[in-house]
Amino acid sequence: MDFGTWKLSPGPSSRSLVDWTVEDVCEFLESCRGKFGDRCDHYKSIVLENDIDGELLADMTDEGLAQLGIQSFGHRAHIMKRIRALRGNGNGNGSTMGSVLDPQGSNR
């Protein structure tokens, strides 16, 4: 997926990962629907049921995703890759969804 070719609607794209709400995390997962297909709905329900907000997502591990019920290794790896990109400087405070999806800041 080419993160530089599209932007999310207003929401998490303008805030730091650690400031995301549970709904923002669901929007993040929705942006992965092309990769996850119908499993996306299941993953969003997991987020809602477990109150996973941006602060928790920033600290998420592969093991944590598996414990939450995301069994597909490929899906966990994709989520972790996206989380690492969102962490930016390593602590979750430096990058916004918009800066990851559109690093040049253009509105494509």
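Trainee: Is Cys32 buried or exposed?
Mentor: Cys32 is buried, with a relative accessible area of 0%. Buried means under 20% relative accessible area, exposed means over 50%, and partly exposed is in between, using a 1.4 Å probe and protein chains only.

Trainee: Before I go on, what kind of model is this?
Mentor: This is a predicted model, where local features need pLDDT of at least 70, side-chain atom pairs count only at pLDDT 80 or more, and totals for chains, interfaces and linings use all residues. Residues are numbered from 1 along each chain as its sequence is written, and side-chain values use heavy atoms, with hydrogens and water left out.

Trainee: Back to cysteines. How many disulfides are there?
Mentor: The count is 0 disulfides, a disulfide being a pair of cysteine sulfur atoms within 2.5 Å.

Trainee: New topic: how many residues are in the largest nonpolar core?
Mentor: The largest nonpolar core has 23 residues. By nonpolar core I mean a set of buried Ala, Val, Leu, Ile, Met, Phe, Trp, Tyr and Cys residues joined through side-chain atoms within 4.5 Å. Those with the most contacts inside it are Trp20, Phe28, Leu29, Phe36, Val47, Leu57 and Ile79.

Trainee: Which helices each supply at least two residues of that core?
Mentor: Those are α1 (22-30), α3 (39-50), α4 (54-58) and α6 (73-87). Helix α1 gives the most to this core, with 5 residues. Helices here are DSSP runs of H or I with at least four residues, strands are E runs of at least two, and both are numbered from the N terminus.

Trainee: What is Leu29 in contact with?
Mentor: Leaving aside neighbours within four places in sequence, Leu29 is in contact with Phe36, Cys40, Tyr43, Lys44, Val47 and Ile79. Contact means heavy atoms within 4.5 Å.

Trainee: And Glu23, is that one buried or exposed?
Mentor: Glu23 is exposed, with a relative accessible area of 53%. Glu23 sits in helix α1, and its C-alpha is 7.8 Å from that of Leu48, 25 residues apart along the chain.

Trainee: OK, charges. How many salt bridges does the count come to?
Mentor: The count comes to 5 salt bridges, each being a side-chain nitrogen of Lys or Arg within 4 Å of a carboxyl oxygen of Asp or Glu. One of them joins Glu30 and Lys44, with the closest N and O atoms 2.6 Å apart. Glu30 lies in helix α1 and Lys44 in helix α3, so the pair ties together parts 14 residues apart in sequence.

Trainee: Which residues are linked with those two in a network?
Mentor: Arg33 and Asp41 join Glu30 and Lys44 in a network of salt bridges. Asp41 and Arg33 meet at 2.5 Å, N to O. Asp41 is partly exposed at 40% relative accessibility, and Arg33 is partly exposed at 26%.

Trainee: What does Asp62 pair with?
Mentor: Asp62 meets Arg76 in a salt bridge at 2.8 Å, N to O. Asp62 is in helix α5 (residues 62-68) and Arg76 in helix α6, so this pair ties together parts 14 residues apart in sequence. Asp62 counts as partly exposed at 25% relative accessibility, whereas Arg76 is buried, with a relative accessible area of 10%.
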